Amino acid sequence: MTQNQIQSKYHRRDSLALIEALSQLTCPQSQLHHQFPMANRTTLRVGGPADCLFIPSQDEDLANVVRHCSRHQVPWMVVGKGSNLLVRDGGIAGVVIQLNHAHFHRIEFHPEKSLICGAGSRLKAVANAARDASLTGMEFLEGIPGSVGGALRMNAGAMGGEIFDLLDSVRFMDSSGEVHDLQKYQLQYHYRSCPSLTSHIALSACLSGRPGQTEDIQARMKQSNEKRWSSQPAAPSAGCTFKNPSSLPAGKLIDQLGLKGTQVGGAMVSDIHGNFMVNNGQATASDFLNLIQFIRQTALEKTGIHLETEVQIVGEEA
Ligand code: EPU
């Protein structure tokens, strides 16, 4: 999740005027939604409305909107597939940008063993494209339910790999609408974080693989898929809630503390994996926040370990 939390003069009651102003700056193929319920755009299925959900159909519209926001001190943020996001019940002030249009979904193969992937493309689609091009190394992306842009921001990973292992370069837009290209070595990144992308919008990434056999790649993708379905819940969640502390995996810690099955309202610690909080259908964001707080407090009191959330918590209280 990339965001620009400037000291804002914007008031949420001005949201309709904001939409009207933005509609003058964008073409009809780009979408602007007023008061859009973020629960419909997050895998956790909670969260209040975004004042404006903006789905650009071209780079120029995106640049116009971020420039307008910078000029008028309107906060904005980019969301990927909403698979690592907990939006508070009061929703999000300003503009939420989602690169869901086909323009940002393109995946192109380059003969020097790389894929140029639009920031809106699904990681599963990238894994499939790599398999079809007989490129190995990207199999682990198959099971991460996010987009390339979100994965870059979070340095997302699974099965021992992370997206920065594959990265050559990133094209991004800054908050004045200018487009830049940076090589991997020019970016700051750590376990589950890329601070360089917090206030920039990733547009595409060049990912590299190694030559492989399509059948072997397919077999590894199947193996990773089976491992995931046997060890992670299918119920709505935002994936792992906490980063793994250095001493032991957060899921194992929560399990050892006997906290699996703990429930606050409709939010519950999964019975299958301790680091997943699932929505039983009726949860609110505040149920999840209270459950997270309870787990962090219990872990601290009983083990001295500070659990840090991996899930990005955004938005306003109800
Ligand atoms: N474990 C338990 N009890 C549990 C859960 C896990 O004892 O309830 C044990 C497992 O048996 C294993 C160890 O803890 O020995 C680690 O568990 P797992 O293999 O499931 O990996 P993880 O560290 O919990 C990480 C990523 C996941 C990714 C998996 C699979 C983080 C925070 N999580 O989980 O990523 O899917 O590896 O490779 O790094 C995510 O980032 O949202 C996410 C789900």
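At 6% relative accessibility, Glu142 counts as buried, where buried means under 20% relative accessible area, exposed over 50% and partly exposed in between, using a 1.4 Å probe and protein chains only. Before you dig in: this is a predicted model, where local features need pLDDT of at least 70, side-chain atom pairs count only at pLDDT 80 or more, and totals for chains, interfaces and linings use all residues. Residues are numbered from 1 along each chain as its sequence is written, and side-chain values use heavy atoms, with hydrogens and water left out.

**Exercise 1. Find where Glu142 sits and what it is in contact with.**

Step 1: Look in the loop between β9 (135-136) and α4 (148-154); that's where Glu142 lies. Helices (H or I, at least four residues) and strands (E, at least two) are DSSP runs, numbered from the N terminus.

Step 2: Set aside the neighbours within four places in sequence, and Glu142 is in contact with Lys124, Ala127, Met221, Ser224, Asn225 and Arg228. Contact here means heavy atoms within 4.5 Å.

**Exercise 2. Decide whether Ala50 is buried or exposed, and list what it touches.**

Step 1: Ala50 is part of strand β3.

Step 2: Its relative accessibility is 0%, so Ala50 counts as buried.

Step 3: Not counting residues up to four places away in sequence, Ala50 touches His34, Gln35, Phe36, Met38, Ile92 and Val96. Take Gln35: it is 15 residues from Ala50 in sequence, yet the two are 5.3 Å apart in space, C-alpha to C-alpha.

**Exercise 3. Check the length of helix α2, then see what it packs against.**

Step 1: The expected span is 1.5 Å times one less than the number of residues. For the 14 residues of α2 (residues 59-72) that should give 20 Å, and the end C-alpha atoms are 20 Å apart, so the two agree.

Step 2: Pick out the buried residues of α2: Asp61, Leu62, Ala63, Val65, Val66, His68 and Cys69. They pack against α1 (15-23), β3 (49-55), β4 (76-79), β6 (92-98), β12 (167-173) and β14 (201-208).

Step 3: Gln73 comes after α2, and its phi is positive, near 55 degrees.

**Exercise 4. Count the disulfides.**

Step 1: A disulfide is a pair of cysteine sulfur atoms within 2.5 Å. By that rule the count is 0.

Step 2: Now Cys206. The closest cysteine sulfur to its own is in Cys117, at 8.0 Å, so that's too far for a bond.

Step 3: How hidden are they? Cys194 counts as buried at 0% relative accessibility, and Cys206 counts as buried at 11%.

**Exercise 5. Describe what surrounds the ligand.**

Step 1: There are 19 residues around the ligand, and the closest are Met159, Cys240, Asn244, Gly274 and Glu310. A residue is near a molecule if one of its heavy atoms lies within 4 Å of it.

Step 2: Go through some atom pairs. A polar side-chain atom of Arg192 is 3.1 Å from an oxygen atom of the ligand. A polar backbone atom of Cys240 is 2.8 Å from a ligand oxygen atom. For Lys260, a polar side-chain atom lies 3.0 Å from an oxygen atom of the ligand.

Step 3: On its own the ligand has 820 Å² of accessible area, and the protein covers 73% of that.

Conventions. Polar contact = N/O pair within 3.5 Å; in protein donor to acceptor, adjacent residues only side chain to side chain. Areas by Shrake-Rupley, 256 points an atom, 1.4 Å probe, with all protein chains shown as cover.
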